[in-house]
Amino acid sequence: DNDDKMLNEYKKAPNALVVVGPNVPTPVAYELLAQMSNGEMYLIMGDDCVFQTEGWDAKFKAAVKPEWRKDNTYVVSCHDGREDNSHGHFAIGRGWRDALGYILPPIYRHWATNMWTTDIAERIGRFVYLKDVVLKHNKIHEQPVKDETHDRIRTGGVKMWDEMVMNTCGHFAWLDEFRLRQWIEAKSREGGKWGYLPEKAKVA
């Protein structure tokens with residue numbers, strides 16, 4: 001965030017692009033970063049995530065089935081060290097965003113984006129769980145430091161908002177599922193053309 005007191009220190013990091021902006025909900029932050037990316041796979045995880053498994057990146061890429069590469073629509077998750085893995089940290093194919101117009105559902109502010117996304121991926125048969133790839137989530141509340149961003153998403157009704165939206169609008173996930181199935185089917189045809197997304201709107 002542009003109000004981060006450690007911003008100048010981050011900018012000293014070698015071989016790193018530091019993107020600075022206002023405080024926004026998690027899906028908006030990921031969308032802004034995705035717009036700057038040209039890769040085929042997006043990682044949905046923060047800087048407090050450290051992979052414990054050597055060669056994790058190769059394992060993620062190998063998990064993508066050859067027939068999926070034509071449409072790049074998939075989710076690959078790993079084990080984050082918890083017994084009850086909530087699949088809060090995963091990789092998502094570029095085609096997912098191309099089909100829907102966003103990388104994570106923007107109706108949420110933080111908490112339910114992973115459940116919405118992985119549930120749809122399972123329903124369309126495009127979900128892979130790599131239990132042997134372990135990621136350590138260094139949760140800030142378990143560390144001897146204070147983090148304003150961490151505190152902000154746990155106060156002010158953020159979790160209440162996401163729970164309300166999930167309970168009242170969760171059934172609309174079928175629309176995303178439908179669009180993804182359309183995208184996959186279109187990409188399987190000769191030429192693989194897809195031009196359904198409308199032009200981006202701007203708020204005056």
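A salt bridge is a side-chain nitrogen of Lys or Arg within 4 Å of a carboxyl oxygen of Asp or Glu. This predicted model holds eight of them.

One joins Asp-71 and Arg-126, whose closest N and O atoms are 2.7 Å apart. This pair links distant parts of the chain, 55 residues apart. Asp-71 sits in the loop between α3 (56–63) and β3 (75–79). Arg-126 sits in the loop between α5 (113–123) and β5 (127–137). Both residues are buried.

Two other salt bridges lie within helices. Arg-123 and Asp-119 are both in helix α5, four residues apart, about one turn of the helix. Glu-177 and Arg-181 are also four residues apart, in helix α8 (residues 173–188), so about one helical turn separates them. Salt bridges that share partners join Asp-119, Arg-123, Glu-177 and Arg-181 into one network.

| Salt bridge | N to O distance |
|---|---|
| Asp-71 and Arg-126 | 2.7 Å |
| Arg-123 and Asp-119 | 2.3 Å |
| Glu-177 and Arg-181 | 3.1 Å |

Glu-177 has a relative accessible area of 15%, so it counts as buried, because the cut-off is under 20%. Arg-181 is partly exposed at 40%. Arg-123 is partly exposed at 36% relative accessibility, and Asp-119 is partly exposed at 34%.

The surface also carries a nonpolar patch. Leu-17, Val-19, Leu-33 and Met-36 make it, and its area is about 410 Å². Val-19 belongs to the loop between α1 (7–10) and α2 (26–34). Val-19 is partly exposed, with a relative accessible area of 40%.

Technical notes: Residues numbered from 1 in each chain as written. Predicted model: local features only at pLDDT ≥ 70, side-chain atom pairs only at ≥ 80, totals over all residues. Heavy atoms only, no water. Patch = residues over 30% accessible without salt bridge, like charges linked within 9 Å, V, L, I, M, F, W, Y side chains within 5 Å. Areas by Shrake-Rupley, 256 points an atom, 1.4 Å probe, with all protein chains shown as cover. Buried < 20%, exposed > 50% of the residue type's maximum accessible area, 1.4 Å probe, protein only.
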